[in-house]
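This report goes through one protein chain, from its overall make-up to single residues. Please look at the model below before reading on.

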Amino acid sequence: MTMPGTAELARLRHPVRRLIGVGVCLGGLGALGTLVPFIGLAELGRILLAGGPVDSLGIVAVVAAVILGLILSWVLTGAALWVTHIADHRLQATLRRALVRKLGRVPLGWYSDKTSGLIRKAVQGDLKDLHHLVAHHDVDLAAAIVLPIGGLAYVIWLDWRLGLLAVATLPVYLIAYAWMMRGFADKMTELDTTFARVNAAIVEFVQGIAVVKAFGRVGKAHEGYRQAVTAFSDRYTAWVRPLLRLEALTSMAVSAPVILLVSLSGGAWFISRGWVAPIDVLAEALVAVVLPQTLLTLTQGLTAHRKAVAAAGRILDLLDAQDLPVADRPRRPEGGTVSFDHVSFGYAADRPVLRDVTLTCRPGTVTALVGPSGAGKSTLAKLVPRFHDVTAGSLRVGGVDVREIAPDVLYRHVGFVLQDVQLLHGTVADNIRLGRPDASFDAVVAAARAARIHDRVMALPRQYDSVLDEDAVFSGGEAQRISIARALLADTPVLILDEATAHADPDSEARVQEALSTVARGRTVLVIAHRLATITAVDQIVVVDDGRVSEVGTHDHLVRAGGLYARLWKEATGEAEPWGREPPAGSARRAAAGFQGAAEVMR
Ligand SMILES: Nc1ncnc2c1ncn2[C@@H]1O[C@H](COP(=O)(O)OP(=O)(O)OP(=O)(O)O)[C@@H](O)[C@H]1O
């Protein structure tokens, strides 16, 4: 993550820069107003201590000026904060909209556990953390600059030597503070890293508690957490303890008694030399006491500011994510043919995952991608709905390069059922309707029936109106069948199916396979097959090995060829004769019924 500099922060605050500017001006004027009572007190003293009759009119004028100054100061500071809080609300709304727009424009492959965590943090925490940066920091800073400058200007106007006296103790504080803050960023990074270890130890402990307990390792897991906490607390104490002692000493330099002592004793000497009048010393002492307050306000806001800057960095990282490139003049795909033409792709530039893949999948056929784990099957299939864009070659759907199809048109053309099914918080019917919100209830039921999930839904307390995670809790296999119903209702000409590996329960698996066979009818289907027994009857089996297509053919053809597929088939089934036509008995035979059924339905 990049820590934003001034330019980046200015970019983030750009939409509300005028409001912040108004807030800063009002805050600066308000800060000047706080000087009025102090100057007024000094002037009052000057009038009262002057010889001769008391100037009552002068007193009234000064008191009126003090009251007016106080009221103005409150009103202006209040108005400044009101304006910057409006800016904060506007910026939050603008950034929320920008984040939502960005989420709609990034490629699907951008979404991962890491980015989902970042989005959650940005929306839940980071936007709130910006509050200090927008609503307070600049106003505080304006006051911290204007108040000392105004106060000092007044004292210097009285006598320049009094100006020096007013800031006499400040250098002690500033030098000590700079010494304490040396290496602050590095120390904070170090502490953040140690604290991240504490968090990781907590997460590890909580997530793995079942396994840890089952294997009787609770003591060991506790130990990891204890060590992480001790390391953090040792480092923190080692850094902070000497600083606290020093801070206690140096903050004395800007405390009111010390400032008054310096001002009055120094002032007495000035008076004895005939440089200034006694009342001028009083005015200087009052102003000198106020000056350090602004510094303290700034340092107190330092942690909130630091948090806000880090939050701004994370938000900018999200907003700067690369958009999915969209063609200026998009074209519409015709039909459901999917063709890979010398396609290469890699997640990192120096590590190709797919190399020179050429392949055609025709409407009304089922193509199964098989191969060793990590060979690139999922990556290949996910290129079709543009989870990522090819790095070389071309991938066409309906005769048009996917990069030339408008994303919404592409998503209406290519549906996918992934292993990691995402069901949304909402009713069962809404979840099935996701791809076609205007579908009738009858169409929803028909899709659920075809996906073999209707009976299960009817057994729920509120049937199709049951809400996920409230009165509808589905097993992995059932969730997959809901997502199959969703794909069926969306009725896309091309369908990508990531065959579920997680649902080993034979009954659930057989039902998922049955459901898939219905979906396959009349479409171009690309199946990522993890169990070979389920795809023996498909039209085309594509063997992917280390990112290349190593074999293409039907089950019989590939088994006879005696290559990688034949070896995988033998391993999967334990058959002595790899060229045996019949799928093995038991669960594999049951599973095989799925895509065989699909292929038969299509013929
Ligand atoms: N989002 C990603 N970022 C970086 N590398 C990835 C990503 N997804 C997959 N890979 C890598 O790409 C390679 C191919 O992965 P892929 O998931 O396509 O293989 P697969 O054949 O589908 O494997 P499996 O059968 O185990 O699911 C692997 O080395 C994997 O680590």
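Among contacts in the protein chain between residues at least 6 apart in sequence, 78% join residues at least 24 apart; two residues are in contact if their C-beta atoms, placed from the backbone, lie within 7 Å. The model is a predicted one: local features need pLDDT of at least 70 and side-chain atom pairs count only at pLDDT 80 or more, while totals for chains, interfaces and linings use all residues. Residues are numbered from 1 along each chain as its sequence is written.

The protein chain has 22 helices and ten strands. Helices (H or I, at least four residues) and strands (E, at least two) are DSSP runs, numbered from the N terminus. Of the 603 residues in the protein chain, 34% are buried. A residue is buried if 20 or more other C-beta atoms lie within 10 Å of its own, exposed if 12 or fewer, and partly exposed in between, with C-beta atoms placed from the backbone.

An unreviewed UniProt entry lists "transmembrane region" for residues 20-39, 59-83, 139-157, 163-180 and 249-271. UniProt positions are given in the numbering used here, feature names are shortened, and annotations may be inferred rather than shown by experiment. In the model, residues 20-39 are 100% helix and 0% strand, with end C-alpha atoms 29 Å apart. Residues 139-157 are also 100% helix and 0% strand, and their end C-alpha atoms lie 26 Å apart.

**The sheet**

Strands of a sheet pair through backbone hydrogen bonds, either parallel or antiparallel. Here, four strands form an open sheet in the order β2-β1-β4-β5, with antiparallel pairing. β2 (354-361) and β5 (400-401) are at the edges with a single partner strand each, so one side of each has no neighbour in the sheet. Two strands pair if DSSP finds at least two bridges between them. The table lists the pairs.

| Pair | Bridges | Residues opposite each other |
|---|---|---|
| β1 (residues 338-345) and β2 | five bridges | valine 338 and cysteine 361 |
| β1 and β4 | five bridges | phenylalanine 340 and leucine 395 |

**Around the ligand**

The residues around the ligand include Tyr347, Val353, Lys377 and Thr379; a residue is near a molecule if its C-beta atom, placed from the backbone, lies within 6 Å of it. This shell divides into three nonpolar, six polar and one charged residue. Ala, Val, Leu, Ile, Met, Phe, Trp, Tyr, Cys and Pro count as nonpolar, Asp, Glu, Lys and Arg as charged, and the others, Gly among them, as polar.

Helix α18 (residues 476-490) has 15 residues and reaches 21 Å from its first C-alpha to its last, close to the expected 21 Å. The expected span is 1.5 Å times one less than the number of residues. Because 14 of its 15 residues are buried, α18 is largely enclosed by the rest of the structure.

Most residues other than glycine have a negative phi. Which value does phi take in glutamine 463? Phi of glutamine 463 is positive, near 45°. Glutamine 463 lies in the loop between α17 (454-458) and α18, and is partly exposed, with 15 other C-beta atoms within 10 Å. Aspartate 491, which follows α18, has a positive phi near 55°. Aspartate 491 sits in the loop between α18 and β7 (494-498) and is partly exposed, with 17 other C-beta atoms within 10 Å.
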